Structure formats: C-alpha cells, structure tokens
Amino acid sequence: MRKRNYLLYFPVFGIACMLNTALYAQDVGDEGTKMYNDPKVRDITAIEEAKAGWWTASMRKHNQRIAWWREAKFGMFIHWGIYSLAGGEWHGKEVGGYAEHLMRKEKISRADYLQLAKQFNPIYFDAESWVLAAKRAGMRYFIVTAKHHDGFAMYDTRYSDFNSIQQTPFHRDPMAELAEACRKYGLKFGFYYSHAFDWEHPDAPGNDWEYHNPGGDKLIGGANWYDRHPEWLPKAQRYVNEKAIPQIQELLRNYHPDIIWFDTPHKLPFSENLRILKAIREIDSNVVINGRLARSTTENFGDYQNTADRPAEFFPVTGDWEAIPTTNESYGYSKYDHSHKPASFFIRLLTKAASKGGNLLMNIGPKGDGAFDPKDTRILDSIGPWINKNSESIYRTEPTMLPVQSWGVTTQRKHKLYLHVFNWPKNGGLLVGGLKNEVRRVYCLGDPGKNLSIQRITPQDLSIELPANARDSVNTVVVIELKNAVLSVDNARLLDAEQENRLLAFDATLTGKGFKYGDGKRNRYYVDGWKSSEQKLSWPIRVIKPTRYQLKIKYLADTMGNSYEVNVDGKTLKGETKINNSTEDFVSEVLGEVTLTNPRCTLEIKADRINSGELMKLFEIQLIPIHP
C-alpha cells in the first residue's frame with residue numbers, strides 16, 4: 001500500500017473511509033478488494049499463509065526462545081507514562097478505574113494531552129533503582145510500557161513526534177536506560193506496546209471523541225467493526241503501516257528486547273494482528289511474544305497465553321501462561337487508589353501460579369516524578385526475603401500430578417517435591433494426600449539439616465510431623481525428597497478432617513456443553529454458562545475415616561428460585577438460588593451437614609430446575625469438619 005499524506009484525512013470517519021477505500025482499490029486491484037471485503041476469507045487467508053510458511057517456521061525455535069521465560073517464573077510489569085503525572089486526576093477531579101486510561105475516560109484531545117506532557121519531568125527516575133528493586137524482590141524479567149493506548153512513545157522514535165524526547169522537558173530516553181540497567185544486573189528486558197489502540201493517531205482504532213474512529217466506547221460500527229464495515233479497514237491499516245509496525249521494528253532494532261508484550265488485539269481484525277507478528281518475525285526470530293497479539297477463540301499464535309487482569313485464582317490453562325496482577329486496582333499510578341494488597345497475597349499467588357505451570361508478571365505503577373509509591377516499595381521489600389529463602393521451590397519447578405491439598409499447593413524439581421503450606425495444621429500433622437512414592441527424607445526448606453518424622457497412613461497418604469509453629473506464617477515450604485522422581489499418585493482429593501476444604505469450581509470436572517470460566521478476579525473465579533440440567537460439576541474425593549462436615553456453597557445468581565442439588569456419598573442436599581442484596585459480591589450459605597463414610601466417592605452439583613437464564617455462577621463448595 002502506498003504511503004499517503006495526512007492532508008487527505010477528514011475528521012469524520014465515514015468520509016475518510018470512502019476516500020481511503022477508493023485509493024486502496026487502486027493499490028490492490030478488484031480481486032484484492034473483493035477478498036478484503038469478505039472477513040472470513042480475509043482472516044482464513046492470513047491464517048493459512050502463516051501456517052503454511054512463516055509462522056510454522058518461526059515456531060521451530062519456540063522452545064529455544066521461550067526457555068528463559070519458563071525458568072524465570074516472576075517478573076516486574078511497569079505502567080508508566082504521561083498519565084502517571086496526572087495520577088488519576090483531571091482538572092481537580094478524581095478519575096476512577098485504570099489511571100492509564102485517563103485520555104479515554106476524560107475524552108482529552110491530543111493538543112490538551114500534549115500540555116500535560118509539557119509538565120512531565122520525572123526528576124526521581126533512576127533506571128538502576130527500578131531494576132534493582134525488581135531484582136531484590138526475586139523478579140527475573142522486566143517489562144515496561146514503551147507506548148500505551150494513549151499513543152505516547154516513552155522513547156526516541158522516528159515515526160511520531162508524540163514522544164518523551166520531543167514533547168517533555170525530560171528529554172531523556174528511559175527505555176534505553178532501563179534496557180541497559182536490566183542487562184547490567186542480569187534481568188531479561190522487554191516492552192509493552194499497544195499496537196491496536198492508539199488514541200492520538202487519526203487513523204487508529206479507539207479515539208471516538210476527536211476522530212470519530214471505531215474501536216472506542218461509542219462502539220461506532222460495533223465491537224467487530226472490521227467485519228461489519230470492512231471498507232473502513234484501510235484507514236486503520238494506514239496507522240499499522242505508518243506507525244505501529246515501524247515503531248515495533250524500531251524497538252527491536254534499537255533496543256534488542258527479549259520479549260514484547262501486546263494488548264487488546266480485538267480492536268483490529270485477526271489478519272492485521274498476524275501481519276504485525278509476521279513483521280516482527282521477519283527481523284527477529286528470538287524475541288518472545290505474549291498471547292495478546294494474535295489470538296482467536298480457538299487459536300493463539302503467540303509464544304504463551306495470558307490470563308485476565310488482576311487475578312486472585314487461576315482457571316485451568318494448557319501450555320505456557322502468565323498472569324498479571326497489580327499491587328492495587330490500577331496499573332498506572334493513581335493517587336486515589338489505596339487498595340494495595342499485602343505482600344502475602346503476591347507470595348501465595350506466585351506459588352499458585354508456579355504450581356499450575358504459569359508465570360507471574362506483577363505490576364507497579366511508578367509516580368509521574370519517577371519515584372515508586374512507598375506502598376509498592378513495602379510490598380516489593382516484603383516479597384524479596386521470602387523469595388531469597390525459598391527460591392528453589394519456585395524457579396525451574398514444574399506442576400505436580402498431586403491432587404489439590406487443603407493446606408496449600410505443590411511444586412516439583414526433579415526428585416524434590418515442595419509443599420507450600422499456607423494453612424499450618426493445628427494438630428501438628430501435615431496430611432499429604434495421594435502420594436504413593438517412597439520417601440527418602442522430609443525437612444523444612446529453611447532448615448535442611450533437621451529431618452521431620454513421617455508416617456505412612458495408607459498406601460497413598462502420609463502424615464508429616466511438623467514443628468508447633470510455622471517458620472513463615474505466609475508460606476512455609478516443606479521438602480519431600482523422593483526415591484523416584486516420577487510421581488505415582490491417587491488423583492482423588494483427600495479431605496482434611498481438621499480444617500476447611502475448599503472445592504473450587506476451577507478445580508472441578510465439568511460435564512456438559514456450554515460452561516465457561518470466569519476471569520479469576522477476586523469476585524469472578526467462577527464457572528458460568530450453566531443453562532441445562534445436563535450440565536454438572538464434580539470432584540472425586542476421599543476420606544480416611546468417617547467424618548461429619550458442614551457443607552457451604554458460594555455463588556452468584558441473576559435469578560431467584562432456580563433449584564439445584566448436591567449429591568455426595570449417597571446423600572442429597574437441595575437448595576434454591578438467592579440474590580445477594582448486601583455489599584458482598586456473592587451469596588454464601590450453609591446447605592446442611594453430611595457424614596462421609598465411604599473412603600472414596602464423588603461430590604457433584606447439578607441443576608434441578610432452571611426457571612430462566614443460567615442456574616448460577618459457582619465459585620466454590622466448602623466442606624468444614626464438625627467436631628463433637
């Protein structure tokens with residue numbers, strides 16, 4: 001496609017598109033236009049080309065280029081830009097939500113945003129201090145926003161004057177300084193680049209307040225505007241050709257990142273996202289690409305998958321994946337957001353991710369002056385000591401085949417099995433369910449010279465005698481050295497007779513079509529799409545001795561009066577859905593009590609009657625021991 005002068009652009013999307021479509025037809029010819037106007041042909045053609053050639057060839061190096069990422073496990077994510085100076089405020093008013101979305105939320109023009117940029121002078125920015133803070137926290141890779149959705153480049157770019165060198169009094173290239181610091185201190189380095197959203201560029205998706213473009217909050221042309229109005233696509237393609245691809249290739253050539261992190265691919269058609277990936281692979285076959293560049297509901301052409309933002313629990317994912325929590329609820333710095341989570345939350349979240357084969361990329365939003373928020377610094381400084389003491393239980397580990405344990409999670413490295421004990425047993429006996437292997441010895445990771453006593457209770461279960469007090473109240477790691485590194489397990493979950501057992505919907509077997517996973521946030525770690533009596537969730541469970549439990553259920557429901565039943569060990573408990581009108585995000589209620597006498601059974605929940613909509617969004621079922 002020929003490069004065109006911006007003077008041809010009219011600030012009304014429809015007018016611009018009529019002109020662009022005519023010009024585009026001259027470039028590609030009648031056949032090309034016909035193909036381009038058929039969304040199915042457009043995307044299928046791009047996919048077939050990728051699989052038949054360049055993408056398949058690039059995947060031959062996949063294991064080689066992603067090896068460092070698989071071992072790293074823990075990284076720092078940085079959202080920092082002009083928006084950081086505003087800190088979630090515009091004209092003296094608090095702006096809620098993600099602070100990095102300031103420009104969109106307040107419908108700020110390019111000219112007014114530049115006035116904010118003129119004040120951006122981060123006198124406390126120090127690349128080495130940022131990188132060392134990450135390293136002290138145990139992080140092994142570092143990703144920073146080179147260009148976020150505002151379109152403002154935080155580096156010296158030839159392809160737009162909307163950048164930190166030309167438009168701020170700072171006049172420095174923080175990306176170059178951070179890249180140098182990461183290499184100096186041994187961290188892998190990479191960029192976040194917003195390829196599909198660009199609110200300053202008149203041809204890019206997203207800005208519907210100044211340019212009347214699709215892809216924004218007004219949903220001009222619909223969410224899939226490129227399918228409903230393929231004649232509009234040449235305009236967005238011009239942005240991709242003149243800014244996105246050149247800047248991405250510029251970052252690759254000038255900074256040599258180990259990884260590039262993309263976002264919001266749904267703002268462009270799949271064919272365009274694949275075209276950008278192809279442009280990357282044409283000049284760099286070693287850079288790792290995350291899972292938010294070229295993905296559909298069935299395929300992902302990146303090197304790994306990404307879960308949703310701000311997770312608290314993880315739904316099942318096959319293959320390599322990464323989660324991106326942030327210290328509070330915003331990724332960019334907000335002076336109003338004080339909802340910072342404790343360091344214990346991130347230590348356990350990192351461990352949960354490692355136990356399921358994933359990485360944790362933890363976000364920090366530095367302030368506009370270049371300093372870290374003291375609350376973020378406290379979190380980082382608290383994570384570091386735990387990582388330093390327990391690093392071998394995280395780095396270079398793999399998930400285990402063991403069933404879920406009531407006290408925490410497990411990881412493995414060769415013949416060592418790591419038990420991450422979140423809930424220290426009050427009776428001093430740690431019950432490890434489902435492990436058939438012979439054990440060489442057991443000890444606390446912080447005290448390897450002192451062996452712990454073990455007792456084989458059943459052929460598949462053992463008990464470890466622990467000290468009265470946990471070495472770490474957040475996560476004490478107990479190591480089991482195995483005689484054979486290949487695990488032999490019983491997959492049924494052993495219920496604890498002393499403490500609460502949480503059966504998460506994410507850990508259930510799903511039967512029937514239509515189920516979907518929530519995104520894993522604090523109020524969204526549920527299974528939904530439950531619209532048929534043919535669907536059910538189930539968990540295989542075991543008990544060592546007859547035990548009485550209180551059974552609780554936690555869910556969300558849109559409709560009152562849908563009925564369901566829980567079946568376990570020949571007993572049935574029934575309930576009807578309620579709508580919670582309190583401040584909680586879910587309903588939590590006791591269904592009744594059950595005595596489990598069978599050593600092995602299945603707990604299942606299914607619909608009895610669905611009046612309308614879906615039965616419920618199920619978070620979890622809890623089995624709480626009842627002691628006489």
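Okay, let's start with Lys73: its relative accessibility is 5%, so it counts as buried, the cut-off for that being under 20%. Before I go on, keep in mind that what we're looking at is a predicted model. So where does Lys73 sit? You'll find it in the loop between α4 and β1, the strand that covers 74-78. There's something else to notice about Lys73: its phi is positive, near 70°, and this residue is not a glycine.

Lys73 follows α4, and α4 covers residues 62-72. Which residues of α4 are buried? They are His62, Arg65, Ile66, Trp68, Trp69 and Ala72. Looking down the axis of α4, those buried residues fall within an arc of 150°, so they line one face of the helix. If you're wondering about the spacing, here's the general idea: an α-helix has 3.6 residues a turn, so residues three or four places apart point the same way.

Let's go to another loop, for contrast. His91 is in the loop between β2, which is 89-90, and β3, which is 93-94. His91 has a positive phi too, about 50°, and it isn't a glycine either. Is His91 buried or exposed? With a relative accessibility of 74%, His91 counts as exposed, since the cut-off for that is over 50%.

Helix α2 is residues 39-52 and helix α13 is residues 270-281, and their axes come within 8 Å, crossing at roughly 30°. That angle makes α2 roughly parallel to α13, because the cut-off for roughly parallel is under 35 degrees. The crossing of these two is left-handed. Who's touching whom? On the α2 side we have Arg42, Asp43, Ala46, Ile47, Glu49 and Ala50, and they meet Phe270, Ser271, Leu274 and Lys278 in α13. Sort the residues of that contact by class and you get 5 nonpolar, 1 polar and 4 charged.

The second pair is α8 and α10. Here α8 is residues 127-136 and α10 is residues 174-185, with their axes 8 Å apart and an angle of about 45°. At that angle, α8 and α10 are therefore oblique to each other. When α8 passes α10, the crossing is right-handed. From α8, the residues involved are Ala127, Glu128, Trp130, Val131, Leu132 and Lys135, and their partners in α10 are Glu177, Leu178, Ala181, Cys182, Lys184 and Tyr185. What classes do they belong to? This contact has 8 nonpolar and 4 charged residues, with no polar ones.

While we're on α10, have a look at Arg183, which is in that helix. Its relative accessibility is 41%, so Arg183 counts as partly exposed. Which residues does Arg183 touch, if we skip those up to four places away in sequence? Those are Phe189, Tyr255, His256, Pro257 and Asp258. Also, Arg183 is 52 residues from Val131 in sequence, and the C-alpha to C-alpha distance between them is 9.7 Å.

The crossing is right-handed. On the α14 side the contact is made by Ala343, Phe346, Ile347, Leu350 and Thr351, and on the α15 side by Ile379, Ser382, Ile383, Trp386 and Ile387. In this contact, 8 residues are nonpolar, 2 are polar and none are charged.

Last stop: another lysine. Lys243 is in helix α12, which is residues 233-255. Is Lys243 buried or exposed? Its relative accessibility is 1%, so Lys243 counts as buried. What does it touch, again skipping residues up to four places away in sequence? The list is Lys147, Gly151, Ser160, Tyr193, Asp198, Glu200 and His201. And try finding Thr157 on your screen: Lys243 and Thr157 are 86 residues apart in sequence, and 10.0 Å apart in space, C-alpha to C-alpha.

Conventions: Residues are numbered from 1 along each chain as its sequence is written. This is a predicted model: local features need pLDDT of at least 70, side-chain atom pairs count only at pLDDT 80 or more; totals for chains, interfaces and linings use all residues. Side-chain values use heavy atoms; hydrogens and water are left out. Buried means under 20% relative accessible area, exposed over 50%, partly exposed in between (1.4 Å probe, protein chains only). Helices (H or I, at least four residues) and strands (E, at least two) are DSSP runs, numbered from the N terminus. The arc is that of the directions from the helix axis to the C-beta atoms. A crossing is left-handed if the near helix is turned anticlockwise from the far one by less than a right angle, and right-handed if clockwise. Contact means heavy atoms within 4.5 Å. Ala, Val, Leu, Ile, Met, Phe, Trp, Tyr, Cys and Pro count as nonpolar, Asp, Glu, Lys and Arg as charged, and the others, Gly among them, as polar. Axes are lines fitted to C-alpha atoms, for helices over the stretch in contact, and angles run from 0 to 180 degrees between N-to-C directions. Angles under 35 degrees count as roughly parallel, over 145 as roughly antiparallel, 65 to 115 as roughly perpendicular and the rest as oblique.
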